[in-house]
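Biologist: I'd like to learn how to read helix packing in a model. Could you walk me through one?

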Amino acid sequence: MVGMIKAAVSQRGEKGGKARATRALLLDAAVKVIGRKGYTGATVDEIVEEAGVSKGLAYYHFKSKAEMASSILDDGIGELADEFVAIAEAADSGPSALIGMIERFAVKIFENKEFGRFFVSELWREGRVWSGSMRENEERLLGLIREQLQRAKDGGLIRPEIDVDFEAVALVGMVLTTSLYYIDEKTDVSERDFIDNIIDFVRH
């Protein structure tokens, strides 16, 4: 009996692992297709073709393209927020935490420019509808940046008149749009040079 139970648990674990892998495969394909064609232009047929899975399997994991899109942003921004928490905890000051956050953000966009394009387009898309979880992660991300700006402000390391709410949004927008400009224009600026330039700009 114990052996049968272990075997059943093992099978469920394998199925769960396969389901997670399929879900990740679909989201990766969706990021690529939506990044290339935009949310409106991308279709579920193109996404499943990119992923190499059946349409039925895609609809088993996601009810619609909108749900895929929401999951992409939810997972991506949630992961970034988790990394921001670790950076803030390890930093000895607000400015050093901000530099670490901005560097990690820029690296993420350079490593996955399709995600960056999608993030930007969703921020500006008229009539967008985001899930509650996505809104929570967006606010969490901005909140972590605001906390470090306030930390620096309280320590007299940045100007007292700085509006931390405005500055947090501005920093996110700056990293996103500037990163994508340099990526899409195919300039000779390397990832490291770009990050250094961003950091120098923030410091001043």
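**Reading the fold and its packing**

Modeller: Among contacts (heavy atoms within 4.5 Å) in the protein chain with a separation of 6 or more, 66% join residues 24 or more positions apart. This is a predicted model, where local features need pLDDT of at least 70, side-chain atom pairs count only at pLDDT 80 or more, and totals for chains, interfaces and linings use all residues. Residues are numbered from 1 along each chain as its sequence is written, and side-chain values use heavy atoms, with hydrogens and water left out.

Biologist: How many helices and strands are there in the protein chain?

Modeller: Nine helices and zero strands, taken as DSSP runs (helices H or I, at least four residues; strands E, at least two) numbered from the N terminus.

Biologist: What describes two packed helices?

Modeller: The angle between their axes and the distance between the axes. Here, the axes (lines fitted to C-alpha atoms, for helices over the stretch in contact, with angles from 0 to 180 degrees between N-to-C directions) of α4 (residues 65-90) and α5 (residues 94-111) come within 9 Å and cross at roughly 150 degrees. So α4 and α5 are roughly antiparallel (over 145 degrees).

Biologist: Which residues of α4 and α5 make the contact?

Modeller: Among them are Gly 76, Leu 80 and Phe 84 of α4, and Gly 100, Arg 104 and Phe 105 of α5.

Biologist: And where do nonpolar side chains tend to be in soluble globular proteins?

Modeller: They tend to be buried together. In this chain of 204 residues, 40% count as buried (under 20% relative accessible area, 1.4 Å probe, protein chains only). Leaving aside neighbours within four places in sequence, Ile 72 is in contact with Leu 27, Ala 30, Val 31, Ile 34, Phe 115 and Phe 118.

Key: Angles under 35 degrees count as roughly parallel, over 145 as roughly antiparallel, 65 to 115 as roughly perpendicular and the rest as oblique. Buried means under 20% relative accessible area, exposed over 50%, partly exposed in between (1.4 Å probe, protein chains only).
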